[in-house]
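Take a look at the structure, then read on.

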Amino acid sequence: MTASPAGGAEGAVPGPAPLVAVAHGSRDPRAEAVVRELAARAAAGRRGLRVRAAFLDHTAPSLPEALAALAAEGAGEAVVVPLLLTAAYHSAVDIPRALAGVREELPWLRVRTAPVLGPHPAFTRVLGDRLAAAGAHPDPGTAVVLAAAGSADPAANAAVARVARDWAARGEGWHSVVPAYASAAAPTPAEAVRERLAAGAARVAVATYLLAPGLFADRVRRDALSAGAYAVSPVLGADPRIAGVVVHRYSTALREPAVRG
């Protein structure tokens, strides 16, 4: 494929704009597997939609590589959906920086960027199911610690705290729901577990507010159990409801103006 003088792409493939689901990336192969499964489920949720996984670090393909591959296949536009639970450095800096390079290399390719995945009401429902699978059910004696990755961006941590408040306000019967952060912010999951026990909760369950397994998920589980949590849920994973949010973010972005490159 070559760029036309008019700025289009010769031989453009008909059909909906491809979706590039871009994750942070991890050295842990379990994380890549979840991202690729989530991408496959998103593709299955919308007929004819091409979905590619991409990564900001550690894992190939990179975002520019994934977009270049789609352009080589004849795509004239694409939608980038960040597989991130909060808007912070990766969405504000890393992704725009990568797309700036794409604009230089592929000036004919029109790219839209969707909002990050979280927060979204579907996540709380998935978290509740993950807690149930770990043996934790709503009970006035059971407190929930919502354990997220954490960020140096206060706004990202505040978004997690809002998820915890909204969850508590739903009146499902938990003792309380409080946020915690595996890095860069306080309280840590272990600190939050101890604080909830000291505040009178008979038991504490930890809801792992992470998309995929890896360093942070392992840290959350280890530290929370050592601090006295009786249950720690698995990660959100490639749940069909999460895939539905990916497609919803894609659809939202399609209504916004596209930027070449």
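Is His 58 buried, partly exposed or exposed? His 58 counts as partly exposed, because its relative accessibility is 40%; buried means under 20% relative accessible area, exposed over 50%, and partly exposed in between (1.4 Å probe, protein chains only).

Before going further, a word on ground rules. This is a predicted model, where local features need pLDDT of at least 70, side-chain atom pairs count only at pLDDT 80 or more, and totals for chains, interfaces and linings use all residues. Residues are numbered from 1 along each chain as its sequence is written, and side-chain values use heavy atoms, leaving out hydrogens and water.

**Overall build**

You're looking at eight helices and nine strands (DSSP runs numbered from the N terminus: helices are H or I with at least four residues, strands are E with at least two). Of the 261 residues, 49% are buried.

**The inside**

The largest nonpolar core has 52 residues, and Leu 83, Leu 146, Trp 167 and Tyr 209 touch the most other members. A nonpolar core here is a set of buried Ala, Val, Leu, Ile, Met, Phe, Trp, Tyr and Cys residues joined through side-chain atoms within 4.5 Å. Helix 8 (residues 240-254) gives the most to this core, with seven residues. There's also a second, separate core of 21 residues, which includes Leu 84, Ala 98, Leu 99 and Val 116.

Leaving aside neighbours within four places in sequence, Tyr 209 has contacts (heavy atoms within 4.5 Å) that include Leu 85, Phe 123, Leu 146 and Val 160. Thr 208 and Leu 146 are 62 residues apart in sequence, yet 6.3 Å apart in space, C-alpha to C-alpha.

Ala 184 is exposed, with a relative accessible area of 61%.

| Site | Backbone feature | Angle |
|---|---|---|
| Ala 60 to Pro 61 | cis peptide bond | omega about 0° |
| Ala 186 to Pro 187 | cis peptide bond | omega near 0° |
| His 58 | positive phi, not a glycine | phi about 75° |
| Ala 184 | positive phi, not a glycine | phi near 70° |
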